[in-house]
Amino acid sequence: MTLQQTSMPALPRPARRRDRQRFWQEVAMIAPAVLLLAIFLITPFLLSFWTAMTNQPLVPRPTPVRFVGLLNFQRVFTDPLFWTSLWNVTRFTAWVLPVQCGLAFLTALLLHQKLPMQNLLRGMFFLPAITSMVVVCVIWGTLFQYPSGPLNQIVGFLSGGTIQPIDWLGDPSWAMFSIVLLSAWQAYGFQMIIYLAGLQGIPEELYDAARIDGASALRRFWHVTMPGLRPTHVFVLVITTIQAFKLYTQVAILTQGGPKESTETVVHYMVRAGFEEQKLGYASAVSVILFVIVLLIALLQRKLLRRFDV
Amino acid sequence: MSDLVLSQPAPLAIPRGNSKTGLRIVQTVCIFMIALVMISPLFMLLIASLKDDRFRILADMGSFRAFWVSDPTLSNYREIANFSGELAYGRYLFNSLVILVVTVVSGLIINSMAGFVLAWGSLRGKAILLALVVALYVIPQESIIMPLVVMMSRAGLTDTFAVQILPWVASPLYVFLFYQFFAQLPKELYEAAEMDGASAFRIYRSIFIPLSLPALATVSILMGIESWNQYLWPTLVTQTDYARPIAVAIATFFGQDSIYWDRAMAASVLMMIPVLILYLAFQRWFVSSFVGSAVKG
């Protein structure tokens, strides 16, 4: 509406002055965000594409920086360790999706009903989500102690001593699974909140109608709750996938990508290339690839949401 | 809003019948038990931090004693509560708090102002800016940090508070959340105020902000947690104690000398307290405002 107003010549003078005043006020209000985003998001983002095509080192050297075209990308794609890291995050995603989202969905279903001390319960389930990953690593690093840490004691007790203690973080075939466990525990709270919001968004009339038609609780769940949650499912799965592909902190603190590169991830690989080997151009190439992966997942979400007609 | 949640019957509720109350009690107890299991690692952390002997902490871990301490002591906390020296956790905690408060307060102001203009302003490029904000949201922090570290060190900002605050104050996600929240408020609010001759900033400050407690609470919690838990970025841009946040301090300490469980655990408990307070302060509005914002994004 206001767009036409500003371009209308017939307006009396005070109105026009007020329009100008409003224009500058709005510019002033939006400028801080625009400036900060331009400096700290858009500039480094564009720079990363440029840097990825140079041989720039982390610390400036006397030799001039050369443009090398797509050489860095070629090197990344021919490095077996990069493919290992990509495969590892894919494995991680495949495990963490059902565990984390399943946990979030189940706890949301539990909490979405009349309960005494609703807020306390919700807060308790949400508590791990506000726990810093560093703290989570301190806790789970202790739980994972080999051979006589708490988790091994529990496993030994439950199996009556038939299962040998597991070297959770030191055994290449277990390390990634251990990372999955602690990651799912730390992060399910947010997805739980999103599911709770989704459940609240389903109109109560639908349940009433189903009840009148004599649908059982199970049928109501399948034919009312699940379809109503479709957009929520898509959203939760996508953000969890994106989060999973950016796996870094847990691995950096607990395993440093080991043992035998079984927990090496794309971001950890990138940070190592950039800051340990100081190959900034090469690391930027990895960061561009990471962006493309995240972009593809986000586009997939959009497509899925459109398919579901929401 | 929590009342609203309470007033909604459950989709999975037990069929109505005579045994309803009995079932409900059993059900509630079960949910409490599950909740206790989920947070038992945190409880264990708290208990362990109150034990003096680091070897006993490990030995106790495998039994029920992990959840019990007969002679609680604050000695671990006393050892790390320094503002200088090797275990300057007081200082790290303070650093993190400064970064958190400045980031969240300035972030609330800057992102909400931008969201307001995108929702109600009359700027001509509005639609393009909004599309740009949505597009920028896709860029992950991890894929810009390489050039950003170089930019920051060239600007001489390494090892400062500013380098840990400035890049994360404005965020496409929060601008968008505010935009979405403001846009769904009734048009009459804006028009009536405009008729009365109120300026854009006046309308924003005196009418829209007082109405947006849920959005402010949600963004505070999200930004607060995000800022508090930053790890990768501060490891890259801090080298000395001066501005080192507590997350980085715990991680280095924990990695170097994993024998000092006791101190790492006390520091971890300290690290949990501020975000816990933040969550408790704002949780009333948290779930409700997520309804509108998250899923449609």
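In chain A, the axes of helix α13 (residues 266–276) and helix α14 (residues 280–307) come within 7 Å and cross at roughly 160 degrees. The model is predicted: local features need pLDDT of at least 70, side-chain atom pairs count only at pLDDT 80 or more, and totals for chains, interfaces and linings use all residues. Residues are numbered from 1 along each chain as its sequence is written, while chains are lettered from A and ligands numbered from 1 in the order in which they are written.

**The helix pair in chain A**

- Because of this angle, α13(A) is roughly antiparallel to α14(A) (angles over 145 degrees count as such, taken from 0 to 180 degrees between N-to-C directions of lines fitted to C-alpha atoms over the stretch in contact).
- Helices are DSSP runs of H or I with at least four residues, numbered from the N terminus.
- The two helices, α13(A) and α14(A), cross in a left-handed way, meaning that the near helix is turned anticlockwise from the far one by less than a right angle.
- Among the residues of α13(A) that meet α14(A) are V266(A), Y269(A) and A273(A), and the α14(A) side includes L280(A), V286(A) and L290(A).
- Residues are in contact if their C-beta atoms, placed from the backbone, lie within 7 Å.
- The contact of α13(A) with α14(A) has 10 nonpolar, two polar and no charged residues.
- Ala, Val, Leu, Ile, Met, Phe, Trp, Tyr, Cys and Pro count as nonpolar, Asp, Glu, Lys and Arg as charged, and the others, Gly among them, as polar.

**The two domains of chain B**

- Chain B is divided into domain 1 (2–73) and domain 2 (76–296), with bounds from an automatic or database domain assignment.
- Nine residues from domain 1 of chain B and 10 residues from domain 2 of chain B form the contact.
- On the side of domain 1 of chain B that touches domain 2 of chain B, α2(B) gives the largest share, four residues.

How values were computed:
Contact = placed C-beta atoms within 7 Å. Parallel < 35°, antiparallel > 145°, perpendicular 65-115°, else oblique.
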